[in-house]
Amino acid sequence: MNRYKQREQALLLIFESQFSDDGKDELCNIFEENIEELGEYSKELFFGVYDNADILDEKIKAYSKGWRLSRIPKINIALLRLAIYESLFVDSVPTSIAINEAVELAKKYSGDEDASFINGILGSVVRGNE
């Protein structure tokens, strides 16, 4: 399974976790029982985002000027968390790839305007961490 597909799986888990009280292992089990087998990279991303959500949300808050987290659609929060996690914590993935993949997923699951919003936030996060 390629990395894009595994990112997509992780995105769906991250999104679902915003609505569920189930733990991360239970969410993975439910996904595998009802949708498809998860890739190892999917699990790595999901667990990393799940465990670092507070840090990731602080980054989102810091760079989404004029936007409260509660006003950002949950799918966009999931996309931002995923891309910021991958940019900051996964050394094997270039930041440009993490951003590009997040924008492509945004086009699929959110919309063109949201993709631009996500690209802008991620660009600000990257410039702020250089």
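Color by secondary structure and start at the N terminus: the elements of the chain run α-α-α-α-α-α-α. That comes to seven helices and zero strands. Both are DSSP runs, numbered from the N terminus (helices H or I, at least four residues; strands E, at least two). The model is predicted: local features need pLDDT of at least 70, side-chain atom pairs count only at pLDDT 80 or more, and totals for chains, interfaces and linings use all residues. Residues are numbered from 1 along each chain as its sequence is written, and side-chain values use heavy atoms, without hydrogens and water.

Next, select all C-alpha atoms. The trace of the chain spans about 40 × 30 × 25 Å along its principal axes.

Now select helix α5, residues 74–89. What separates its end C-alpha atoms? They are 22 Å apart, which agrees with the 22 Å that its 16 residues should span at 1.5 Å a residue. The expected span is 1.5 Å times one less than the number of residues. Buried means under 20% relative accessible area (1.4 Å probe, protein chains only).

Go back to the whole chain. Of its 130 residues, 46% count as buried. Show contacts (heavy atoms within 4.5 Å). Among those between residues at least 6 apart in sequence, 70% join residues at least 24 apart.

Finish with the surface. The accessible area, by the Shrake-Rupley method with a 1.4 Å probe, comes to about 6,900 Å². Carbon and sulfur atoms hold 45% of that area.

Methods. Buried < 20%, exposed > 50% of the residue type's maximum accessible area, 1.4 Å probe, protein only.
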